[in-house]
Amino acid sequence: MKKCKKIPAVMLAGAALMGLFTTAVSAASGEEGNLQPEIVQRLYDNFVKDDRWKYLLEGLGNTALITFFAMIIGIVIGFMLAIIRVAHDKNGSVPVLNLIAKLYITIIRGTPVMIQLLIIYFVIFAAVDIDKVLVAIIAFGVNSAAYVSEVVRSGIMSIDNGQFEAGKSLGLGFPTIMIHIILPQAFKNILPALGNEFISLLKETSISGYIGLMDLTRGGDYIRSVTYEAFLPLIAVALIYLIIVVLLSAGVSWLERRLKKNER
Amino acid sequence: MSDNPAIANGEVLIRVENLCKSFGDHVVLNDISMEIRKGEVISVIGPSGCGKSTFIRSLNLLEEPTGGSIFFEGEDITERGVDIRKVREKIGMVFQQFNLFDNMTVKKNIMLAPSKLGVLTRPEAEKKAIELLEMVGLSDKADQYPAQLSGGQKQRVAIARSLAMNPDVMLFDEPTSALDPEMVGEVLNIMKELAKKGMTMVVVTHEMGFAREVSTRAIFIDEGNIQEDNTPEVVFTNPKNERLREFLKSVL
């Protein structure tokens, strides 16, 4: 079902891009006959000449690095925050940690991620010589955690309380119940929402350029600044993002199907 | 209640003293006192909303009492500092909605608590699970997931899961109320067998036939308190309480 829905969407997006591309190219070239050599020349200027494709490659590497590690930080902190909040809701325990978790989520969700990135770079790490990619990883990881925690919490809340009670009635403690009973079931339910969050995260990293870091977006933008052509580099950047997102969501639905099979 | 002919001579497993429970202003249990002795099979009956589920769920503190004490094997489990998990290991519970762990096979459901709590090693737990599944007649379902079972089968697995911890007493909270009529029998049969083996049982039930035939003692709860507590014969054939008489008229 999911798959059938996704493929036409991707094809539609691809077709739209292609349409845009050809219209723009023919509009720019003016003459139909010159289309072939003209576009080849422009592709050459933008991507091949002076190894300009390397800006995109380097940018893509950084974007992937930032997204991947921010995702991991987001998952780790996000699960911890969610478990603290659920432990508080179910047992009334850990009131202080719960307050901290709530404060964290409020502040992170209440301010733009770009401001957070700038604060972390220009304020928190102002006096330290630190790798910009690491700063971005921390900023986006910390940001994503707040959203992940609410996704995870909603997943845990969606599990029938009877599962908790059955675990309790057997004498199991809260951590065992969480790890072996609740989280495996919750994880399956929240996979689509988590996928969503990581797609957003990937695209949010496109503001990394604001701390002078060469990410995918900045790479494309740099090419634009030397070739004075906006269309091709930006479209290329957009296409690369699109491809990663498609792969990411394919991965998520593969995982979804696999987990579903485990229960049939 | 020393004149109660239903009460056996065994040692007292659970003693309830002045148990009260209210949700906000709503009083559900109002000063219940009673004892449960080893080997007793107690049926708890009463109209819906009378507090019988809250009562049985208080016995292992799934509901926190708002007043009174509950002694399990001599220890006041409502005291602060009592490790309630240790107590719950000895009190099995079967729920109306089965509450099997949906992410695990039948066998893993049974093995989880004894192996995680260090009561049995994994191979021992597995052996025990297989024995218990045999007892409830579901050996062939060991590697299936709960979603593949019928309601009656789920409840039999749930009983096996509770028994895996070797509890001293089993609490049944309306174990057959969520079942299709044709599956009630298979679950009741397992419970009858357990009773025959001498398991101490407290059963909240609407199955009057079971209450009458299997239990050694029947308790009628209404308006948050025990209104009648006697042998099933007396409770069902010669009830003294007016509300019990009305209740029986409406269900029998």
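The legends below describe close-up views of a predicted model.

**View 1. The contact between chain A and chain B.** In this predicted model, the contact draws 20 residues from chain A and 25 residues from chain B. Together the two chains bury about 2000 Å², of which 59% lies on carbon and sulfur atoms. Between chain A and chain B there are 5 residue pairs in polar contact, both residues of each pair being at pLDDT 80 or more. On the side of chain A that touches chain B, the elements giving two or more residues are helix H7 (161–169) and helix H8 (174–204) of chain A, and H7(A) supplies the largest share, with 7 residues. By residue class, this side of chain A divides into 5 nonpolar, 10 polar and 5 charged residues.

**View 2. The salt bridge between chain A and chain B.** The count of salt bridges between chain A and chain B is 1. In it, the side chain of A:Glu165 meets the side chain of B:Arg57, with an N to O distance of 2.6 Å.

**View 3. The surroundings of B:Lys52 in chain B.** B:Lys52 lies in helix H1 of chain B, which covers residues 52–59. With a relative accessible area of 3%, B:Lys52 counts as buried, because this value is under 20%. When its neighbours within four places in sequence are left aside, B:Lys52 is in contact with B:Val44, B:Ile45, B:Gly46 and B:Pro47, and also with B:Glu174, B:Val204, B:His206 and B:Ile221.

**View 4. The surroundings of B:Lys192 in chain B.** B:Lys192 has its place in helix H6 of chain B, residues 181–196. Its relative accessible area is 26%, so B:Lys192 is classed as partly exposed, the range for that class running between 20% and 50%. Apart from neighbours within four places in sequence, B:Lys192 is in contact with B:Phe210, B:Glu213 and B:Val214.

**View 5. The open sheet of chain B.** In chain B, 4 strands form an open sheet in the order S2-S1-S4-S5, with antiparallel pairing. Its edge strands are strand S2 (26–37) and strand S5 (75–76) of chain B, each of which pairs on one side only. Strand S1 (residues 12–23) and strand S4 (residues 67–72) of chain B pair in the antiparallel sense over 5 bridges. Within this sheet, B:Arg15 has B:Phe71 of S4(B) as its bridge partner.

Conventions:
Residues numbered from 1 in each chain as written. Chains lettered and ligands numbered in written order. Predicted model: local features only at pLDDT ≥ 70, side-chain atom pairs only at ≥ 80, totals over all residues. Heavy atoms only, no water. Contact = heavy atoms within 4.5 Å. Buried area = accessible area lost by both parts, 1.4 Å probe. Salt bridge = Lys/Arg side-chain N within 4 Å of Asp/Glu carboxyl O. Polar contact = N/O pair within 3.5 Å; in protein donor to acceptor, adjacent residues only side chain to side chain. Nonpolar A, V, L, I, M, F, W, Y, C, P; charged D, E, K, R; others polar. Buried < 20%, exposed > 50% of the residue type's maximum accessible area, 1.4 Å probe, protein only. Pairing = 2+ DSSP bridges.
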